[in-house]
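I opened this entry to record what I looked up, site by site. The notes follow the order in which I went through the model.

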Amino acid sequence: MSLIDYHVHTPLCNHAKGEMEAYVQQAVKLGLAEICFLDHLTLRPDGSFLSMSPQEVPLYHRAVKRLAAKYEDRIWVKVGLEVDFDLETMEQAMEIVDAHSFDAIGGSVHFIGEWNMVSHKERDNCPYRECEDMFAEYLDHLEAMAEHSFFDFLCHLDVVGKFGDSPQDRMEDRWDQVISTIAGKDIAVEINTSGKRHPKGELYPSLWILKKLNQAGVPITLGSDAHSPKQVGMDFDEAVSLAREAGYHSLATFSHRIRGEVSLSP
Ligand SMILES: [Zn+2]
Ligand SMILES: [Zn+2]
């Protein structure tokens with residue numbers, strides 16, 4: 001079985017460390033078949049300090065392509081972006097994406113309104129008194145992102161529970177609706193192992209969501225969300241077990257934004 005890591009960052013986003021080449025070297029060391037850079041493109045002004053700037057996108061694209069050529073006999077290096085979903089900036093994001101030949105575009109919800117819900121520092125500024133209200137708002141954003149039909153896969157689907165809040169089981173009907181929207185748009189979802197390193201302590205998404213995704217026919221891909229080279233491929237054994245437990249037999253791959261797959265068979 002050859003595994004893939006479709007979600008790694010670079011220092012261009014201002015909060016990851018290590019040379020881009022070191023991420024590729026770690027993937028080669030682990031024997032991965034593919035690594036896809038999926039660095040942040042956040043165009044909303046309040047998140048731009050956590051992202052490369054639009055002007056840096058061509059430089060980033062060239063840097064990945066150089067590594068792809070250098071390592072082509074050892075690993076498939078792909079280029080993508082993790083784009084923050086924000087209706088006000090989507091048109092600009094689409095123009096930037098369409099101006100380059102990307103392999104995969106991941107969509108993420110990190111912000112609810114002005115609030116960065118994944119930031120430790122902003123944790124105390126949570127505008128919601130009830131956990132359910134925060135989840136409801138997040139799920140509205142998630143569904144809107146799926147309906148937009150622009151993304152190849154959706155990242156860390158239940159990241160709203162990053163800090164351990166978990167009213168998901170009390171919101172099952174709403175999750176069912178959102179999953180049905182995702183399935184209807186033929187978008188993939190990632191298993192993202194960074195949740196293991198967060199207070200939640202579990203991969204994203206939780207197994208019960210993953211099972212529903214499988215039942216709905218939603219393909220999955222796999223990413224570490226590495227923000228340093230040593231995090232590449234982290235906790236992939238657990239991710240593969242989880243995928244199999246949910247009923248999956250393959251992982252989605254992307255080339256020039258066309259979906260393929262690799263087998264999860266041993
Ligand atoms: Zn993210
Ligand atoms: Zn990420």
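This is a predicted model: local features need pLDDT of at least 70, side-chain atom pairs count only at pLDDT 80 or more; totals for chains, interfaces and linings use all residues.

**Metal site.** For the zinc ion (ligand 1) I listed the coordinating atoms: Glu82 through OE, His110 through NE2 and His156 through NE2, at 2.1 to 2.2 Å. Along the chain, the donors of this ion follow the spacing E-x27-H-x45-H. I then looked up where two of these donors sit. Glu82 is in strand E3 (residues 76-84), and His156 is in the loop between strand E7 (153-154) and helix H5 (172-184), so the pair ties together parts that are 74 residues apart in sequence. Are Glu82 and His156 buried or exposed? I found both Glu82 and His156 buried.

**Aromatic pairs.** Next I went through the rings. I counted 6 aromatic pairs. One of them is Phe85 with Phe151, which is edge-to-face, with 6.4 Å centre to centre and 80 degrees between the planes. I checked the positions of the partners: Phe85 belongs to the loop between E3 and helix H3 (90-98), Phe151 to the loop between helix H4 (131-147) and E7. The pair therefore links distant parts of the chain, 66 residues apart. Phe85 and Phe151 are both buried.

Phe151 also pairs with Phe150, again edge-to-face, at 5.4 Å centre to centre and with 75 degrees between the planes.

**Charges over rings.** I looked for charged ends placed over ring faces. Arg257 lies over the face of Phe150, at 4.9 Å from the ring centre. The charged end of Lys78 sits over the ring of Trp76, 3.8 Å from the centre of that ring.

**Sheet.** I then traced the strand order. I read an open sheet of 7 strands, E1-E2-E3-E4-E7-E8-E9, with parallel pairing. Which strands are at the edges? E1 and E9 are the edge strands, each pairing on one side only. I looked at one pairing in detail: E7 and E8 run parallel and are joined by 2 bridges.

**Helix H7.** My last item was helix H7, residues 236-245. I listed its buried residues as Phe236, Ala239, Val240, Leu242 and Ala243. Seen down the axis of H7, these buried residues fall within an arc of 160 degrees, so they line one face of the helix. What covers the buried residues of H7? I found that the cover includes strand E1 (4-8), strand E8 (188-192), helix H6 (207-215) and strand E9 (220-223). E1 and E9 are the edge strands noted above. On the face of H7 turned away from its buried side I found the exposed residues Asp237 and Glu245. Just after H7, I recorded a positive phi of about 105 degrees at Gly247.

Key. Residues are numbered from 1 along each chain as its sequence is written. Chains are lettered from A and ligands numbered from 1 in the order in which they are written. Side-chain values use heavy atoms; hydrogens and water are left out. Buried means under 20% relative accessible area, exposed over 50%, partly exposed in between (1.4 Å probe, protein chains only). Helices (H or I, at least four residues) and strands (E, at least two) are DSSP runs, numbered from the N terminus. The arc is that of the directions from the helix axis to the C-beta atoms. Contact means heavy atoms within 4.5 Å. Donors are N, O and S atoms within 2.8 Å of the metal (3.2 Å for Na, K and Ca); water is not among the atoms, so sites may look incomplete. Rings of Phe, Tyr and Trp (its six-membered ring) pair if their centres lie within 6.5 Å; planes under 30 degrees apart count as stacked, over 60 as edge-to-face and the rest as tilted. A charge sits over a ring if NZ of Lys or CZ of Arg is within 6 Å of the ring centre and within 35 degrees of the ring normal. Two strands pair if DSSP finds at least two bridges between them.
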